[in-house]
Amino acid sequence: MSATAVHSLWTMAADPIDKIDAPKIEYGQLSPTLIVIGAAIIGILVEAFVPRKSRYYVQVFVSVVALAAAFAAVVGLAAGGYGTTKAGIAAMGAIAVDGPALFLQGTILLAGVLGVFTFAERRLDPVAHGNRVDSFAAQAASVPGSDSEQAAVKAGFATTEVFPLLLFAIGGMLVFPAANDLLTLFIALEVFSLPLYLLCAVARRKRIMSQEAAVKYFLLGAFASAFTLFGIALLYGYAGSVSYATIAQVVDGTIGTVNPALADTMGNDALLLIGAAMVVMGLLFKVGAVPFHMWTPDVYQGAPTPVTGFMAAATKVAAFGALLRLLYVVLPGLRWDWRPVMMGVAVVTMLGGAIVAITQTDIKRLLAYSSIAHAGFILAGVIATTPDGVSSVLFYLGAYSFVTIGAFAVVTLVRDAGGEATHLSKWAGLGRRSPLVAAVFAVFLLAFAGIPLTSGFAGKFAVFKAAAEGGAGTLVVVGVISSAIAAFFYIRVIVLMFFSEPRPEGPTVAVPSPLTMTAIGVGVAVTLVLGVAPQYFLDLAGQAGVFVR
């Protein structure tokens, strides 16, 4: 073939493209996420350029200011009507800015602020070599027990990278419930999962256990991500698009023009059912629903406790937000297919979490199984498929996240020579040694159990009421039975703290800095306010409960 023929082919192929349109990005509507990701990048530069002595203070300052600014941006958007009348799709169809997205983003950012406070705590461990120490390894890259690790501890090193990692995780979590196409959903999933895998591995004490937890989480998380990605590919084959709205139209049969290249596979129900099942499976893994919960107890126990608290609260909020959007916006036409399956998952999750928790002897594992049971309770609201179902789930997630971070913050205070004393036998008689700490923990346990006048009761009542009105009465019966089983082991811990004799060699309760006190104080305040006067917040969740399509 002559050069001229090749040249003419090339020019012919290039002719029809006039210009590539520049993407249209609504920076104002995306500002909460952009602020957090921007601060995370600044945090990386801080690690590179700021002297080691000052890094901790700069990182804490940058993190708190960024999260506060992002929360202010969320409130501004909500006040500007973007949660209700002006709700719409931003970033060329990739992100939805609507009530549920803003409500969940606000919850994640508040949980993130409390997470930063617990990460920054430096008063709990005794001073080592003249330096205050936090919950994280002195040098994460060094082998546990090696000479390099001991040298790092002596030199007073601190792993301040945890703050940018936390901000990246929060950035991914902000996009996750707001994602409006499957690719954005997957990218957000990876952006918030990868920092969490790392954060789980950097505990200062029990480093081997911490690294084991991170490896388990990483391997199982990689499996779940692969399932999600495969499901996305199948849904694309089914609908010819990754956009939520287009997939929903193909499911309903209301699509106008059909892509000729995909005409053969479009509307193939096998692709739809298998693809949807795989994507939902990936989300149920993140939520910690049975049978995708295997990672939860080990990771919660092995990870540094501040990371566990943040992860337990914020990951659930982000993952349930994404699950709600997927089921209510993309697959409402498949309701008869997914509802029975999800009901089965909810039943085994509620019962499984509650029954296995009774046998636990470690306080962090007990809270892990408790969080699995709570995933089942929240699923009851998801299955309601009514506007009340959405608002009850939003309220429950908001209430649950504060209780969880507060409870894990209290766990960091009870310490013995080996660090945190997490074995239940060591908590015996804590109420006589330190009545205030035990009383605060009791408040959180009662909220988990769903006792009236706590936020847990208001949340469970809202979710069960929505499920009953949505025709899922059996779920409510199972939920009440599970709550009764769960109440047993929460009350057992309270009895152990207040009605057992303290042991002479028992743990001490460390006096924290104002940071952890604030995290615990806010947790208690929110738990009581949402329990005593929940109506305003239920109304807020109700107004925020409408997805933009």
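Arg 365 is buried, as its relative accessible area is 18% (buried means under 20%, exposed over 50%, and partly exposed in between, with a 1.4 Å probe and protein chains only). The model examined here is predicted, so local features need pLDDT of at least 70 and side-chain atom pairs count only at pLDDT 80 or more, while totals for chains, interfaces and linings use all residues. Residues are numbered from 1 along each chain as its sequence is written, and side-chain values use heavy atoms, leaving out hydrogens and water.

Arg 365 is buried, with a relative accessible area of 18% (buried means under 20%, exposed over 50%, and partly exposed in between, using a 1.4 Å probe and protein chains only). The model is predicted: local features need pLDDT of at least 70, side-chain atom pairs count only at pLDDT 80 or more, and totals for chains, interfaces and linings use all residues. Residues are numbered from 1 along each chain as its sequence is written, and side-chain values use heavy atoms, without hydrogens and water.

Arg 365 belongs to helix 14 (residues 363–383) and Asp 298 to helix 11 (residues 295–302), so the pair ties together parts 67 residues apart in sequence. Helices (H or I, at least four residues) and strands (E, at least two) are DSSP runs, numbered from the N terminus. Asp 298 is partly exposed, at 24% relative accessible area.

The count of salt bridges comes to 13. One of them joins the side chains of Arg 205 and Asp 125 at 2.8 Å, N to O. This pair links distant parts of the chain, 80 residues apart: Arg 205 is in the loop between helix 7 (182–199) and helix 8, and Asp 125 in the loop between helix 4 and helix 5 (147–155). Arg 205 is partly exposed at 31% relative accessibility, whereas Asp 125 is buried at 9%.

Helix 4 (residues 99–119) also meets helix 20 (residues 514–532): their axes come within 7 Å and cross at roughly 145°. Here the axes are lines fitted to C-alpha atoms, for helices over the stretch in contact, and angles run from 0 to 180 degrees between N-to-C directions. In this contact (heavy atoms within 4.5 Å), helix 4 contributes Leu 114, Phe 117 and Thr 118, and helix 20 contributes Leu 515, Thr 516, Thr 518, Ala 519 and Val 522.

Helix 8 (residues 207–239) supplies the largest share of the patch, three residues. Leu 219 sits in helix 8 and is partly exposed, at 47% relative accessibility.

Technical notes
Salt bridge = Lys/Arg side-chain N within 4 Å of Asp/Glu carboxyl O.
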